[in-house]
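Subject: Handover of a structure and notes on its packing

Dear colleague,

Please find below the structure that I am passing on to you. My notes on its helices and sheets follow it.

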Amino acid sequence: MSVQLDSYLEGAWKSGEGAPRSLINPTTEQELARIVSVSASLRDAMAHGREVGGANLRKLSFAARGELLETMAKVLHDAREELIEVAIQNGGNTRKDAKFDIDGGTAVLAHYAYLAKQFGEQAWIVEDEPVEIYRGAKIRAEHVLVPRRGLAIHINAFNFPAWGMLGKAAVSLLAGMPVLCKPATSTAWLAHRIFTLLLDANCFPAGSFQLLMGSAGDMLDHAGPQDVIAFTGSQGVGTTIKTHPQVIAAGTRVNLEADSLNAAVIGPDVESGSELFDLVIRDLVTEITQKAGQKCTATRRVLVPESALESVREVLFDRLSAIASQTGDPADKAVRMGPLTSKDQLADARAGITKLLADTELVHGDPERSGGFVGVEAGKGYFLEPIVLQAKPGTVMSADASFHQHEVFAPVTTLLPYDGELESAAKIVGLGSGSLVTTVYTDDRKWLAGAVAELGPYLGRLVVANEKIANASMSPGCVFPVANHGGPGRAGGGAELGGVHGMSLYMQRVAVQGGASQLARLLGK
Ligand code: NAP
């Protein structure tokens, strides 16, 4: 039976008025839940967050806020099985995909709970050592971070309803900023269930965590100068938010995590049959098919030395065929890939493949396959089997090529044959106009040293893999709370997580200037 998912604003559950939006099971196409957007102005709810929630949070030390995060992680861990079931039904996640999202979220909570222990009882974080303001001067300057007095407005994408919500909330609650979270509507059931569990367990102080279901309403009209908007989603919506007149007028801080044409670069020394070659294939299969390719960090472009093209194609296609035959109802434990999360998502993916075909050939998979999925009624569900395209000759170095322009948010990747030269690899990666992550596979140290300098400017994260770590490596799409998440240009220009670095998004950096002993007394050094 379909449930109604309400918003939680100003300390109470609120249902909206007007036409409901349905949340659909993407395997069966049955309605699971409904959301009616709140039509009243959000001005008071936002003020409640800033005034009541902010004050309540700042009464607590960093260590006490860290304890809240620890309790949140525990509450969610205890409810893990129930949450996995919701993710399977509403997100079309396999059990493994659901765990990736939910455990990823609790891991961020646990990590920031652990970090909190180092900050002591003061209301700020000292960032660096005092420095003379000029050589020989008695006056010093020192940078400290203090919680901003506004509201952290979190607008999340549909693909990680748990990790997206908890990853952002952990950092801002520890930093001392209250949260208003707006999950993406199509998969919002999981975010709603998580919020309800945390609320019922009394995990956060009054006003410090509010939930807005459905549309954003007039939220941006009330953005303030101390607020922070942290958005994850498409470049188009990100631009709308960044250029909203009130956001510009108020000077609201905005962090965008948007589209990304991540790459895997296979070095010229990687030999077929080596452990490193096996790692390349293993990572590619994971990064094409995990969460049915609906991952911001999924590998969209694979740079393959021309000499290795045949062997990569042969082994990769073989492994992807195995997954195509085990694609279906994610509730079935034998299934390795589930559906896309919505009908619109499937239509977008197919349209995106058509766009990429202007500069590529289809070399693996059938974008129109509509039947034969494990445990699924014929013609039902939003399934797409893994698709591999290959750049047409002469297109790889072209800035206008569709595969350097357009992200297909689905199990789709493009092989880009190249000459194996570092300069070519850097140019091709850079044509993606900024990515979250790129992985370089090579045992050639000189090549790798060049890769850091040449690829680095286009990336938020560079993963390097060689034969030695081939067995211990984690697939590059895993985002860890200790490492920066974000990327330049098309990827939004944002930066989240990265341990303490991530907290600075929700804090004001103040250069405190004064006498050396005065600063030492004041800031505790
Ligand atoms: P989307 O359509 O841009 O939506 C993202 C969020 O923005 C949703 O919560 C959506 O709400 C909301 N929204 C839509 N219009 C809005 C407006 N005018 N004002 C305020 N909020 C608005 O993206 P999506 O389809 O959910 O996610 C897929 C995209 O996210 C992909 O492009 C992917 O690359 C990107 N992504 C990036 C990262 C990253 O870390 N870089 C991570 C995950 C996903 P509704 O759902 O209610 O429309």
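For the helix pairs described here, an axis is a line fitted to the C-alpha atoms over the stretch in contact, and an angle runs from 0 to 180 degrees between N-to-C directions. Please note that this is a predicted model.

In those terms, helix α9 (residues 275-289) and helix α10 (residues 309-324) cross at roughly 45°, and their axes come within 10 Å. Angles from 65 to 115 degrees count as roughly perpendicular, those under 35 as roughly parallel and those over 145 as roughly antiparallel, with the rest oblique; α9 and α10 are therefore oblique to each other. The crossing in which α9 passes α10 is right-handed. On the α9 side the contact is made by Phe277, Ile281, Arg282, Leu284, Val285, Ile288 and Thr289. The α10 side contributes Ser311, Val312, Val315, Leu316, Arg319, Leu320 and Ile323. By class, the residues of this contact divide into ten nonpolar, two polar and two charged.

Glu82, Leu83, Val86, Ala87, Gln89 and Asn90 in α3 meet Ala188, Trp189, Leu190, Arg193, Ile194 and Leu197 in α6. Of the residues in this contact, eight are nonpolar, two polar and two charged.

Helices α12 (residues 422-430) and α13 (residues 445-455) pack at about 30°, with 10 Å between their axes. That angle makes α12 roughly parallel to α13. Here, too, the handedness can be given: α12 passes α13 in a right-handed crossing. Leu422, Ala425, Ala426 and Val429 of α12 make the contact with Trp447, Gly450, Ala451, Glu454 and Leu455 of α13. This contact has seven nonpolar, one polar and one charged residues.

Turning to the sheets, seven strands form an open sheet with mixed pairing, in the order β16-β17-β18-β15-β14-β19-β20. Its edge strands, β16 (360-364) and β20 (459-465), each pair on one side only. On average, and with direction ignored, neighbouring strands of this sheet are turned by 25° against each other. Four bridges join β16 to strand β17 (residues 387-391) in the antiparallel sense, and Leu362 stands opposite Leu389 in β17.

Helix α11 (residues 343-356) lies across β16, β17 and β18 (412-418), running at about 20° to β17. α12 also packs on the sheet, where it touches β14 (263-266), β15 (301-305), β18, β19 (435-441) and β20. The direction of α12 makes about 165° with that of β15.

Another open sheet has three strands in the order β1-β5-β4, again with mixed pairing. β1 (3-4) and β4 (21-24) are the edge strands, each pairing on one side only. β1 runs parallel to strand β5 (residues 31-35), to which two bridges join it. Val3 stands opposite Ala33 in β5.

Yours sincerely

Terms used:
Residues are numbered from 1 along each chain as its sequence is written. This is a predicted model: local features need pLDDT of at least 70, side-chain atom pairs count only at pLDDT 80 or more; totals for chains, interfaces and linings use all residues. Side-chain values use heavy atoms; hydrogens and water are left out. A crossing is left-handed if the near helix is turned anticlockwise from the far one by less than a right angle, and right-handed if clockwise. Contact means heavy atoms within 4.5 Å. Ala, Val, Leu, Ile, Met, Phe, Trp, Tyr, Cys and Pro count as nonpolar, Asp, Glu, Lys and Arg as charged, and the others, Gly among them, as polar. Two strands pair if DSSP finds at least two bridges between them.
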